[in-house]
Amino acid sequence: MIVPKGKKFLVGPINFLGPCMTKIIIVQISGIIVGPLTLKEWGWPSLIKKWIVFKKVDGLTVQGRGIIDGRGNCWWENSCHNSKHRNRPGCSQSQPHSVNFVATSNSQLKDVTVTNSPMFHVTLLDLSNFNVTNLKVDSPEESPNTDGLHTQSVENVSIRNSYFRSGDDCVSVGNSSFHVYVNDCHCGPGHGISIGSLGEFGNRAEVKEIHVERINFFGTMNGVRIKTWHGGKGECHSVSLKHCNFTNVMNPLLIDQHYFAESAKETSAVKISNITYEDLQGTTDILTPSAINLDCSRLLGCSSLHFKNIFFTPANSSTKLTSTCTNAKGTTQGRIEPPLICLNH
């Protein structure tokens with residue numbers, strides 16, 4: 001399939017469903033694909049969760065220097081995630097995700113721009129062996145819940161040499177994500193890279209082998225955050241964050257095991273262990289002085305946290321940075337600034 005250069009195509013919700021006879025399928029996007037301009041044209045208030053879907057199409061390559069423009073402004077204006085409309089009757093609880101790969105393994109997305117998504121820009125769901133290269137995500141910082149790329153129930157996913165600018169997480173790693181590699185990317189503005197949230201509604205979570213390297217975080221709310229709910233179960237382990245730069249990041253390193261804590265008593269927790277932070281440096285533009293915040297469960301705590309060569313300085317020279325730890329155990333090596341004297345050994 002080819003979307004030719006210099007052409008613009010209006011596309012409503014569409015599914016490309018496999019399995020297919022051929023083993024190699026190429027979708028060449030050289031032109032521009034745009035979504036409907038109004039909620040009525042989208043078909044709202046009918047529930048629309050996804051815009052463009054590739055499902056069970058193994059051996060797929062989606063490529064080209066073209067643009068997929070969700071024209072999401074009509075959704076953002078009416079989103080319940082928008083603070084202006086959160087309590088307004090009739091606001092939209094669920095906007096469509098733009099480009100979705102479902103059970104589409106041994107495939108790749110490269111060189112494409114996805115912009116102005118109503119909600120998540122790209123989702124990878126129930127698949128394995130998927131490569132993302134030179135993806136550009138570009139949406140306004142104030143656009144609500146517009147994660148750049150989201151994974152869930154995946155294994156062996158690589159995200160490389162990509163650019164993320166959005167109103168939410170650059171990359172969000174959901175439950176049952178194994179062996180996910182995020183390398184050589186720009187992140188910001190946005191909310192940083194998040195693992196979770198995990199354990200909502202008491203569900204069991206299993207996330208492991210998530211490795212983030214050589215990321216430039218610029219003006220983000222967070223650097224890398226692990227977030228879990230009270231009442232969750234399971235484990236998040238074998239995670240690394242290495243060789244990254246931070247520029248004016250509010251919360252460079254954050255573990256939050258009390259995500260929306262007011263909603264449930266902590267009767268159980270997701271176990272967090274074997275997390276490595278190494279060779280991280282940059283500046284923080286913070287509302288609170290805590291550049292490293294490890295807020296772990298009182299039931300299980302966080303264990304085997306490893307910090308090596310961490311150096312953060314305040315964007316405002318009058319601010320003195322601190323580190324905070326609750327129920328966190330681990331080790332330090334090399335220079336750690338601000339010092340992690342609160343870390344239990």
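## Exercises: a pocket and its strands

By class, the largest pocket is lined by 11 nonpolar, 17 polar and 10 charged residues. (Ala, Val, Leu, Ile, Met, Phe, Trp, Tyr, Cys and Pro count as nonpolar, Asp, Glu, Lys and Arg as charged, and the others, Gly among them, as polar.) The model is predicted, so to speak of local features takes pLDDT of at least 70, side-chain atom pairs count only at pLDDT 80 or more, and totals for chains, interfaces and linings use all residues. Numbering starts from 1 along each chain as its sequence is written, and side-chain values use heavy atoms, with hydrogens and water left out.

**Exercise 1.** Find which element gives the largest share of the lining of the largest pocket.

*Solution.* Start with the elements that give two or more residues: β12 (122–133), β14 (149–160), β18, β19 (204–218) and β20. Strands here are DSSP runs (E, at least two residues), numbered from the N terminus. Now pick the top one: β18, with three residues.

**Exercise 2.** Work out how strand β20 (residues 222–228) is covered, buried or exposed.

*Solution.* Buried means under 20% relative accessible area, exposed over 50% (1.4 Å probe, protein chains only). Seven of the seven residues in β20 are buried.

**Exercise 3.** Trace the pairing from β18 to β22 through β20.

*Solution.* Two strands pair if DSSP finds at least two bridges between them. First, β18 (residues 193–198) runs parallel to β20, joined by four bridges; there, L198 stands opposite T228. Next, β20 pairs with β22 (residues 251–256), also parallel, over five bridges, and I226 stands opposite I255.
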